[in-house]
Amino acid sequence: MWLYLAVLVGLYYLLRWYRERQVVSLLQDKFVFITGCDSGFGNPLARQLDLRGLRVLHACLTEQGAEQLRNQTSDRLETVILDVTKTESITAATKWVKEHVRDRGLWGLVNNTAISMSTVPSVWLTNQDFVKILDVYLLGVIKVTLSLLSLVRKARGRVVNVSSVTGRVKELSYFGVKEEMIVPGYFKTFVTSPEAISRGLQAAWDQASSEVKELYAETFLASGFF
């Protein structure tokens, strides 16, 4: 038993050592787009990736933040101003990214935009406060990702969404109120019935653009991928 355990531990560390020694080649030809680089995680990430030779395209909310970052990085790093809560700003930034990456695609997309808000009990906030949070952390992420997804797909890249530990804060425990989160498996209910799923899938397919239909094709729909 101990021998088997030792072998498993040895294999684990051998695999870990092997993975840590893997190096991505041709970094100078790979583009990464990072949002929210005025401060926070986005700023040092942009500087670190620039040092490693990647082609960093970074987005800041303010020109001041963009200028400060440009002064700390190489000439490879390019800047765009982006407000993820404004559709026209996302459209302009998407066009700007496409002009830079051209046919090489986007090797990495890092959704890192955040807003500075005090962590307070939910009852202290107004509906508008929640709307602002959703605009930045949910809708903004969705819109930016969808607008650049074709470029990520072209490079067979990856999308990284930066979250926050404050989303796990259970504020009501102070009052003796228990909060639980249930993540069920696959249970047989109306919403999981084949008929309901098929109708929803077909409705989404019918309203999809011709470009999307050409990309995914009828065979993708019929393959049962979903």
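What share of the 226 residues of the chain counts as buried? In this predicted model, the figure is 25%.

## Overall layout

The chain contains 7 helices and 5 strands. Read from the N terminus, its elements follow the order α-β-α-β-α-β-α-β-α-β-α-α. The chain is more spread out than a compact globule, because its radius of gyration is 22 Å, well over the 17 Å that the globule rule gives for 226 residues.

Along the principal axes, the C-alpha atoms fill a box of roughly 60 × 55 × 55 Å. The chain exposes about 16,700 Å², and carbon and sulfur atoms supply 59% of that area. Among contacts between residues at least 6 apart in sequence, 56% join residues at least 24 apart.

In soluble globular proteins, nonpolar side chains tend to be buried together. Here the largest nonpolar core has 19 residues, and Phe33, Val97, Leu106 and Leu148 have the most contacts inside it. At least two residues of this core come from each of β1 (31–34), β2 (55–60), α4 (87–101) and α5 (127–154).

A second, separate core has 13 residues, among them Cys37, Leu54, Cys60 and Leu69.

## Cysteines

How many disulfides are there? The count is 0. A disulfide needs two cysteine sulfur atoms within 2.5 Å. The closest cysteine sulfur to that of Cys37 belongs to Cys60 and is 5.4 Å away, so the two are too far apart for a bond.

Cys37 counts as buried, with 0% relative accessibility. Cys60 is also buried, at 1%.

Key
Residues are numbered from 1 along each chain as its sequence is written. This is a predicted model: local features need pLDDT of at least 70, side-chain atom pairs count only at pLDDT 80 or more; totals for chains, interfaces and linings use all residues. Side-chain values use heavy atoms; hydrogens and water are left out. Buried means under 20% relative accessible area, exposed over 50%, partly exposed in between (1.4 Å probe, protein chains only). A nonpolar core is a set of buried Ala, Val, Leu, Ile, Met, Phe, Trp, Tyr and Cys residues joined through side-chain atoms within 4.5 Å. Helices (H or I, at least four residues) and strands (E, at least two) are DSSP runs, numbered from the N terminus. The radius of gyration is taken over C-alpha atoms; the globule rule is 2.2 Å times the number of residues to the power 0.38. Contact means heavy atoms within 4.5 Å. Accessible areas come from the Shrake-Rupley method with a 1.4 Å probe; for residues, only the protein chains shown count as cover.
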